[in-house]
Each structure stands twice: as structure tokens, then as C-alpha cells.
Amino acid sequence: MHVERVNKVREGRPHIVDKMINNEIDLVMNTTKGKGSIKDSYSIRRTALEKSIPYFTTLEGASAATHAIQQLQERGLEVHKLQDL
């Protein structure tokens, strides 16, 4: 999985919201600490919702999601009828 650190909104352009709008972001992991981060997180969350981009606010949640993605890529997904289990 390719990971790239992107500028925060307050760090100047191009920043995370710009890249989300330009369809350059597939998944967002955003942890907040302090008033500036919380203020930035509103536009990030809003854009993620509008663009249907998965958004995680904890390292644990992002880790679980990336692990699941890795397993899907390696093993695929099997679907079974409940009656067969």
C-alpha cells in the first residue's frame, strides 16, 4: 500500500482537501490534537463524506482497515449462504 504524508489545511496548498477533491486520495487517516487540528478536521471529514472516501480517526481503526484490505488483496473474498454454515 502506497502511503504519502500530505499537508494539513493550515500548512498551505496543495493540502489534503485539495487532493481529495482532485481524486488523489483513496483513504484518510486523520488524528486530531489541538484546536487547529480539530478545526481542519471539519473540512476533511466533510470532503471525505461528499467524495465517499473512507475516513479513520484512530490509529487502531486505520490499522484494522488496512489489515482487512491486505487480506482481501491476498486471499480474496468468499461468500457463503448462511444455511450452508
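The largest nonpolar core of this predicted model is made up of nine residues, namely Val6, Ile16, Val17, Met20, Ile25, Val28, Ile44, Ala48 and Ile53. A nonpolar core here is a set of buried Ala, Val, Leu, Ile, Met, Phe, Trp, Tyr and Cys residues joined through side-chain atoms within 4.5 Å, where buried means under 20% relative accessible area, exposed means over 50%, and partly exposed lies in between (1.4 Å probe, protein chains only). Helix H1 (16-21) and helix H2 each supply at least two residues of this core, and H1 gives the most to it, with three residues. Helices (H or I, at least four residues) and strands (E, at least two) are DSSP runs, numbered from the N terminus.

Thr47 has its place in helix H2, which covers residues 35-51, and Thr47 counts as buried because its relative accessible area is 8%. Contact means heavy atoms within 4.5 Å, and, once its neighbours within four places in sequence are left aside, Thr47 is in contact with Val17, Met20 and Ile21. Ala48, a member of the core, touches Met20, Ile53 and Tyr55 when residues up to four places away in sequence are not counted.

From the segment before H1 comes Val9, which is partly exposed because its relative accessible area is 26%. Leaving aside its neighbours within four places in sequence, Val9 is in contact with His15, Ile16, Val17, Asp40, Ser43 and Ile44. The C-alpha atoms of Val9 and Thr57, which are 48 residues apart along the chain, are separated by 16 Å. Pro14 also lies in the segment before H1, and the peptide bond that leads from Arg13 to Pro14 is cis, with omega near -5°.

Some backbone details can be found in the loops. Asn23, in the loop between H1 and strand S1 (28-29), has a positive phi of about 60° although it is not a glycine, and Asn23 is exposed, with a relative accessible area of 58%. Ser52, in the loop between H2 and strand S2 (55-56), has a positive phi of about 55° although it is not a glycine, and Ser52 is exposed, with a relative accessible area of 65%. Helix H3 (residues 59-75) is followed by Gly76, whose phi is positive, near 75°.

Along its principal axes the C-alpha trace spans about 55 × 25 × 20 Å. Buried residues make up 24% of the 85 residues, and, among contacts with a separation of 6 or more, residues 24 or more positions apart account for 61%.

Residues are numbered from 1 along each chain as its sequence is written, and side-chain values use heavy atoms, with hydrogens and water left out. Because the model is predicted, local features need pLDDT of at least 70 and side-chain atom pairs count only at pLDDT 80 or more, while totals for chains, interfaces and linings use all residues.

Key
Expected span 1.5 Å × (residues − 1).
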